[in-house]
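Thanks for coming. I have one structure to go through today, and I will keep to what can be read off the model.

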Amino acid sequence: MRAPQHRDGDCPAAAYLRRQPENLVVNGYRNCVAGLAHQDMRYWDAARTAHAAALGAIDGQYALDVMASLIGQLGVCATCPLRFYKPGTGHLCRDECLVLGMVAGAQHGDEAMMVHSAKLLSCSDACIEVVDRASAYAAVLLGHGHRLTPIPLGAIADIDFRSSSIPGSGGVSLH
């Protein structure tokens with residue numbers, strides 16, 4: 001995934017995550033999954049606060065509900081345990097990149113990106129439900145002017161290839 005210019009010594013993912021739309025998606029995903037994995041309401045509160053600040057209370061809650069629904073669907077049909085980094089971490093794991101791929105693909109009308117990312121995360125039987133939920137989340141963000149940077153399909157394929165060659169990559173997991 002191509003990241004914006006970064007400061008010397010700064011990880012490219014950290015520079016990418018300084019963009020509000022990408023940060024909202026990634027840390028929304030991280031906080032939701034961490035809230036489920038650790039049964040800790042502080043993660044949900046952090047996600048709720050960030051979404052309300054960016055989207056308003058009503059749309060923020062709706063977006064968070066859709067993200068939770070997306071994660072719930074992935075929890076049922078993920079091809080492997082969902083991976084995530086601790087909220088606020090300046091790195092991206094494979095699954096976080098795939099969620100970004102689905103949301104960015106939806107916002108930019110890139111159906112190939114959405115479907116490819118969804119298939120890498122889920123079983124093919126539930127791919128449509130995963131894409132639908134990611135698209136609904138993307139629409140709320142876009143409705144408030146939070147447009148993600150487009151992601152080339154080749155970048156997602158490269159991320160998937162690299163992560164499959166690194167055992168245990170991607171932080172904590174939930175399934």
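Let me start inside the protein, with valine 25. Setting aside neighbours within four places in sequence, valine 25 is in contact with Met67, Val99, Leu100, Val103, Tyr137, Leu141 and Leu148. Please keep in mind that this is a predicted model.

Which residues touch the most other members of the largest nonpolar core? They are Val25 and Tyr137, in a core of 50 residues. As background, nonpolar side chains in soluble globular proteins tend to be buried together.

Now the chain as a whole. The secondary structure comes to 8 helices and 2 strands. Along the sequence the pattern reads α-α-α-α-β-α-α-α-α-β. The protein chain has 175 residues, and 46% of them are buried. If you take contacts between residues at least 6 apart in sequence, 71% join residues at least 24 apart.

Helix 3 covers residues 41-55 and helix 4 covers residues 57-77. Their axes come within 7 Å and cross at roughly 130°. An angle over 145 degrees would count as roughly antiparallel, and 65 to 115 as roughly perpendicular; helix 3 and helix 4 are therefore oblique to each other. The crossing of helix 3 past helix 4 is right-handed.

Who makes the contact? From helix 3 it is Trp44, Ala47, Arg48, His51, Ala52 and Leu55. From helix 4 it is Ala57, Asp59, Gly60, Gln61, Ala63, Leu64 and Ala68. Sorted by class, this contact has 8 nonpolar, 3 polar and 2 charged residues.

Glutamine 39 sits in the loop between helix 2, residues 20-38, and helix 3. Its phi is positive, about 50°, although glutamine 39 is not a glycine. For reference, most residues other than glycine have a negative phi. Is glutamine 39 buried or exposed? The cut-off for exposed is over 50% relative accessible area. Glutamine 39 has 68%, so it is exposed.

Last, arginine 162, which lies in helix 8, residues 153-164. At 52% relative accessibility, arginine 162 also counts as exposed. Where is arginine 94 relative to arginine 162? The two are 68 residues apart along the chain, and their C-alpha atoms are separated by 8.8 Å.

That is what I have. I can go back to any of these on the screen.

Notes: Residues are numbered from 1 along each chain as its sequence is written. This is a predicted model: local features need pLDDT of at least 70, side-chain atom pairs count only at pLDDT 80 or more; totals for chains, interfaces and linings use all residues. Side-chain values use heavy atoms; hydrogens and water are left out. Axes are lines fitted to C-alpha atoms, for helices over the stretch in contact, and angles run from 0 to 180 degrees between N-to-C directions. Helices (H or I, at least four residues) and strands (E, at least two) are DSSP runs, numbered from the N terminus. Angles under 35 degrees count as roughly parallel, over 145 as roughly antiparallel, 65 to 115 as roughly perpendicular and the rest as oblique. A crossing is left-handed if the near helix is turned anticlockwise from the far one by less than a right angle, and right-handed if clockwise. Contact means heavy atoms within 4.5 Å. Ala, Val, Leu, Ile, Met, Phe, Trp, Tyr, Cys and Pro count as nonpolar, Asp, Glu, Lys and Arg as charged, and the others, Gly among them, as polar. A nonpolar core is a set of buried Ala, Val, Leu, Ile, Met, Phe, Trp, Tyr and Cys residues joined through side-chain atoms within 4.5 Å. Buried means under 20% relative accessible area, exposed over 50%, partly exposed in between (1.4 Å probe, protein chains only).
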